[in-house]
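Biologist: Please show me how to read a protein model, one feature at a time. Where do we begin?

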Amino acid sequence: VQLQASGGGLVQAGASLRLSCAASGRAYMAYTLGWFRQAPGKEREFVAQISWGGGTIIYADSVKGRFTVSRDNAKNTLDLQMNSLRPEDTAVYYCAAGPLTVGTRLSPGAVSDFDIWGQGTLVTVSS
């Protein structure tokens, strides 16, 4: 499967953005999907993940209550609704796909758990 992220941009603190990730290729449903981000000079970090059926969703504590992840397997899309954005949310956001087993866990997946990555989309939040 190939992933293509979009929807990034420059917004002010408190604003909202919706990121999308379009998938093409092999059986899209057969993956756990996730969002990660990487700020300048920092390591890539977990944001959210959703299991193949959408029944198990995990968020990083830093985005819990502000971000919502969803997937539409019929349309082969993964979305991330980001509300109440903060300057510290500024980063390149990546969508990723990993094995089904990752989505069955009750803990966030690591970068190494996901083996298919999109190209990233830049989100900049000004204060």
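Modeller: We begin with a definition. The radius of gyration is taken over C-alpha atoms, and the globule rule is 2.2 Å times the number of residues to the power 0.38. Two remarks on sources follow. This is a predicted model, in which local features need pLDDT of at least 70 and side-chain atom pairs count only at pLDDT 80 or more, while totals for chains, interfaces and linings use all residues. Residues are numbered from 1 along each chain as its sequence is written, and side-chain values use heavy atoms, with hydrogens and water left out.

Biologist: What radius of gyration does the chain have, and what would a compact globule have?

Modeller: The chain has 13 Å. A compact globule with 127 residues would be near 14 Å, so the two agree. Along the principal axes, the C-alpha trace spans about 40 × 25 × 25 Å.

Biologist: How many helices and strands does the chain have?

Modeller: Helices (H or I, at least four residues) and strands (E, at least two) are DSSP runs, numbered from the N terminus. Here there are 1 helix and 11 strands. Read from the N terminus, their order is β-β-β-β-β-β-β-β-β-α-β-β.

Biologist: How do I read burial, and what share of the residues counts as buried?

Modeller: Buried means under 20% relative accessible area, exposed means over 50%, and partly exposed lies in between (1.4 Å probe, protein chains only). In this chain, 45% of the 127 residues count as buried. The accessible surface (Shrake-Rupley method, 1.4 Å probe; for residues, only the protein chains shown count as cover) comes to about 6,200 Å². Carbon and sulfur atoms hold 52% of that surface.

Biologist: How many positive and negative side chains are there?

Modeller: Lys and Arg count as positive, Asp and Glu as negative; His and the chain ends are not counted. The place of a charge is NZ of Lys, CZ of Arg, CG of Asp or CD of Glu. The chain has 11 positive and 9 negative side chains. The centres of the two sets lie 3 Å apart.

Biologist: Now disulfides. Which residues are joined by one?

Modeller: A disulfide is a pair of cysteine sulfur atoms within 2.5 Å. The structure holds 1. That disulfide joins C21 to C95, with 2.1 Å from S to S. The pair links distant parts of the chain, 74 residues apart. C21 sits in strand β3 (residues 17–24), and C95 in strand β9 (residues 91–98).

Biologist: Why is the disulfide called right-handed?

Modeller: Look at the torsion about the S-S bond of C21 and C95. That torsion is about 65 degrees, so the disulfide is right-handed. Both C21 and C95 are buried.

Biologist: How do I read contacts, and what percentage of them join residues at least 24 apart?

Modeller: Contact means heavy atoms within 4.5 Å. Take the contacts between residues at least 6 apart in sequence: 61% join residues at least 24 apart. I58 gives a case. I58 lies in strand β6 (residues 57–59). Its relative accessibility is 11%, so I58 counts as buried. Beyond residues up to four places away in sequence, I58 touches F46, V47, A48, Q49, R105, L106, S107 and P108. I58 and R105 are 47 residues apart along the chain, yet their C-alpha atoms are separated by 9.2 Å.

Biologist: Where does S107 lie, and which residues is it in contact with?

Modeller: S107 lies in the loop between α1 (100–103) and β10 (116–117). Neighbours within four places aside, S107 is in contact with Q49 and I58. S107 and I58 are 49 residues apart in sequence and 7.1 Å apart in space, C-alpha to C-alpha. At 36% relative accessibility, S107 is partly exposed.
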